[in-house]
Amino acid sequence: MIIGLTGSIASGKSTVAKMLKEYGLPIVDADVVARLVVEPGSPTLKKIAEAFGQEVLTEKGEMNRTKVGELIFHDETKRKTLNNIIHPAIRAEMLRQKEEHLANGAKTVIMDIPLLFESKLQHFVDKILVVTVSEDTQLKRLMDRNQLSEEDALVRIRSQLPLSEKEQGADAVIYNNGSIDESRNQLEVILRQWHVID
Ligand SMILES: CC(C)(COP(=O)(O)OP(=O)(O)OC[C@H]1O[C@@H](n2cnc3c(N)ncnc32)[C@H](O)[C@@H]1O)[C@@H](O)C(=O)NCCC(=O)NCCS
Ligand SMILES: Nc1ncnc2c1ncn2[C@@H]1O[C@H](COP(=O)(O)OP(=O)(O)OP(=O)(O)O)[C@@H](O)[C@H]1O
């Protein structure tokens, strides 16, 4: 079974992914893959520099993530341009890693895809697990974690579909407003229901 783990920025996906790892389940993480495909010298990074200018590269030839973040979260056209360049490369590498886990005998693979709904990737997975939080908690945790002003945190939140819509498209939902242990308990119930654990 392929489980798609999603949510929105700072809703708690990585926190839940860590718990899934503790069960020994293999995880294919879109944010990790998104870093892999823009390594210095990669064709994808070259295309990004052609589209946005050499100033998105650091002296070492790496992608300047802060700079690219500033550009794309304040400008939908630029965000779409970046997505059109980087998403095909991310998808191809994620599918490769998934196949590798299956070939190695995994019965369940987790695909952690923040933009699963925005990119319409529901067909990639058999079950969708959404990690959700209230808007207030999401805003507070994002501001704390990334040291962002309220305004910068809000533009990032608004660049994604509302969590309420994602909950409607889910096979199961983890409500992550409470403690980490409360979320862990919800996860355990879901994994039992799906026969991933006994
Ligand atoms: C814009 C970039 C450079 C910012 O890097 P930074 O290190 O600050 O953030 P990080 O990569 O950890 O992403 C944090 C979160 O931002 C959100 N996010 C990232 N990219 C996007 C996007 N194109 N649209 C909407 N939300 C996004 C996701 O919720 C993600 O989990 C980076 O996120 C990126 O390369 N984005 C494009 C690839 C992408 O779409 N990644 C999302 C998962 S496929
Ligand atoms: N139940 C919780 N109680 C308190 N803090 C939490 C809880 N869950 C997550 N957090 C904190 O909230 C922040 C966001 O969580 P996390 O990084 O797991 O979100 P995410 O959905 O993976 O975000 P992103 O898409 O931006 O990578 C982190 O700083 C994390 O430590």
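Trainee: How many bridges join S1 to S3, and how do the strands run?
Mentor: Strand S1 (residues 2-7) is joined to strand S3 (residues 109-112) by four bridges, and the two run parallel. Helices (H or I, at least four residues) and strands (E, at least two) are DSSP runs, numbered from the N terminus. Two strands pair if DSSP finds at least two bridges between them.

Trainee: Before I go on, what are we looking at?
Mentor: This is a predicted model: local features need pLDDT of at least 70, side-chain atom pairs count only at pLDDT 80 or more, and totals for chains, interfaces and linings use all residues. Residues are numbered from 1 along each chain as its sequence is written, while chains are lettered from A and ligands numbered from 1 in the order in which they are written.

Trainee: OK. Which residue in S3 is the bridge partner of Ile 2?
Mentor: Val 109.

Trainee: And the sheet, what order are the strands in?
Mentor: The order is S2-S3-S1-S4-S5, an open sheet of five strands with parallel pairing. Strand S2 (27-29) and strand S5 (172-175) are the edges, each pairing on one side only. From one strand to the next the twist averages 20 degrees.

Trainee: Which strands does H5 lie across?
Mentor: H5 lies across S1, S2 and S3, and runs at about 165 degrees to S3. H9 lies across strand S4 (127-132) and S5, at about 165 degrees to S5. Axes are lines fitted to C-alpha atoms, for helices over the stretch in contact, and angles run from 0 to 180 degrees between N-to-C directions.

Trainee: What about H3 against H5, at what angle do they cross?
Mentor: The axes of helix H3 (residues 43-52) and helix H5 (residues 76-103) come within 10 Å and cross at roughly 175 degrees. H3 and H5 are therefore roughly antiparallel (the term covers angles over 145 degrees).

Trainee: Which residues meet there?
Mentor: From H3, Thr 44, Lys 47, Ile 48 and Ala 51; from H5, Thr 81, Leu 82, Ile 85, Ile 86 and Ala 89. Contact requires C-beta atoms, placed from the backbone, within 7 Å. By class, six of the residues where H3 touches H5 are nonpolar, two polar and one charged. Asp, Glu, Lys and Arg count as charged, Ala, Val, Leu, Ile, Met, Phe, Trp, Tyr, Cys and Pro as nonpolar, and the others, Gly among them, as polar.

Trainee: Ligands now. Which residues come nearest to ligand 1?
Mentor: Ile 9, Ala 30, Arg 65, Gly 69 and Pro 114, out of 17 around ligand 1 (C-beta, placed from the backbone, within 6 Å). H5 gives the most to that shell, five residues. The shell around ligand 1 holds ten nonpolar, four polar and three charged residues.

Trainee: And which are closest to ligand 2?
Mentor: Lys 13, Ser 14, Thr 15, Arg 141 and Arg 145 are the closest of the 16 residues that surround ligand 2. Helix H1 (13-22), helix H6 (135-146) and helix H9 (180-193) each give two or more residues, and H1 gives the most, with three. By class, the shell around ligand 2 has four nonpolar, eight polar and four charged residues.

Trainee: Last thing. How is the protein divided into domains?
Mentor: Into domain 1 (1-26 + 107-198) and domain 2 (35-105), with bounds from an automatic or database domain assignment. Their C-alpha centres lie 22 Å apart, and eight residues of domain 1 are in contact with eight residues of domain 2. On the domain 1 side, S3 and helix H7 (150-158) give two or more residues. The shell around ligand 1 draws at least three residues from each of domain 1 and domain 2.

How values were computed:
Angles under 35 degrees count as roughly parallel, over 145 as roughly antiparallel, 65 to 115 as roughly perpendicular and the rest as oblique. Two residues are in contact if their C-beta atoms, placed from the backbone, lie within 7 Å.
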